[in-house]
Amino acid sequence: MSNNGKYVDWLSEIVKRHEKEGGFEDLPGLGKPLPKELLKDDLLTTVIKKSGFKPDWVLQQKKIFQKLETILMKLNSVENSKEIDKMISEVNDEIKKYNLGCPFPMQRNYVNKENLENQLIYWK
């Protein structure tokens with residue numbers, strides 16, 4: 001295990017030596033497929049799921065849905081048009097932030113007065 005002035009990865013060296021000595025030939029389950037439960041999720045995903053953690057974009061999705069419901073109620077009750085335009089602009093800013101943080105398939109379109117009711121379905 002001479003390093004000749006180069007970086008030596010000691011763990012890799014130990015594994016290589018163990019392999020040359022036949023240390024991996026009699027392992028239980030050698031040559032058999034891995035159990036499906038081991039392939040289901042990686043360790044990090046499993047820990048995150050069990051801890052109840054929710055990404056920010058999931059929490060944002062719920063907030064945006066609630067704001068869209070509020071806007072729709074005000075729109076149906078013929079409230080101040082300028083106030084509704086301001087609320088739509090604010091929620092579109094939040095949608096932009098949401099789209100930057102969520103997975104691509106979960107991204108949503110911006111809303112306006114005409115498509116608000118249809119978009120609400122996608123945010124539920």
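A residue counts as buried when its relative accessible area is under 20%, as exposed when over 50%, and as partly exposed in between, using a 1.4 Å probe and protein chains only. With 13% relative accessibility, Asn99 is therefore buried. The structure above is a predicted model, in which local features need pLDDT of at least 70, side-chain atom pairs count only at pLDDT 80 or more, and totals for chains, interfaces and linings use all residues. Residues are numbered from 1 along each chain as its sequence is written, and side-chain values use heavy atoms, with hydrogens and water left out.

**Asn99 and its surroundings**

- Look for Asn99 in helix α5, which covers residues 81–101; helices here are DSSP runs (H or I, at least four residues), as strands are (E, at least two), numbered from the N terminus.
- Setting aside neighbours within four places in sequence, Asn99 is in contact with Gln107 and Arg108, where contact means heavy atoms within 4.5 Å.
- A polar atom of the Asn99 side chain lies 2.8 Å from the backbone oxygen of Arg108.

**Lys82, also in α5**

- Is Lys82 buried or exposed? Lys82 has 68% relative accessibility, so Lys82 counts as exposed.
- Lys82 is found in helix α5, and its C-alpha atom is separated by 66 Å from that of Leu11, 71 residues apart along the chain.

**Two loop residues**

- Gly31 sits in the loop between α1 (10–20) and α2 (36–40), and Gly31 is exposed because its relative accessible area is 81%.
- From C-alpha to C-alpha, Gly31 and Ser12 are 22 Å apart in space, and they are 19 residues apart in sequence.
- Asp41 belongs to the loop between α2 and α3 (43–51), and its relative accessible area of 27% makes Asp41 partly exposed.
- Apart from neighbours within four places in sequence, Asp41 is in contact with Thr46 and Lys49.
- Asp41 and Ser89 are 48 residues apart in sequence, and their C-alpha atoms are 39 Å apart in space.

**How α4 meets α5**

- Two packed helices are described by the angle between their axes and the distance between the axes.
- The axes of α4 and α5 come within 10 Å and cross at roughly 160 degrees; axes are lines fitted to C-alpha atoms, for helices over the stretch in contact, and angles run from 0 to 180 degrees between N-to-C directions.
- α4 and α5 are therefore roughly antiparallel to each other; angles over 145 degrees count this way, while those under 35 are roughly parallel, 65 to 115 roughly perpendicular and the rest oblique.
- Residues making the contact include Trp57, Ile64 and Leu68 of α4 and Ile84, Met87 and Tyr98 of α5.
- By class, the contact of α4 with α5 has 11 nonpolar, four polar and five charged residues; Ala, Val, Leu, Ile, Met, Phe, Trp, Tyr, Cys and Pro count as nonpolar, Asp, Glu, Lys and Arg as charged, and the others, Gly among them, as polar.

**How α4 meets α6**

- At what angle do the axes of α4 and α6 cross? The axes of α4 (residues 56–76) and α6 (residues 116–123) cross at roughly 155 degrees and come within 10 Å.
- That angle makes α4 roughly antiparallel to α6.
- In α4, residues including Phe65, Leu68 and Leu72 meet a group in α6 made up of Leu116, Glu117, Leu120 and Trp123.
- The contact of α4 with α6 has nine nonpolar, one polar and two charged residues.

How values were computed. A polar contact is a pair of N or O atoms within 3.5 Å; within protein, one must be able to donate a hydrogen and the other to accept it, and residues adjacent in sequence count only if both atoms are side-chain atoms.
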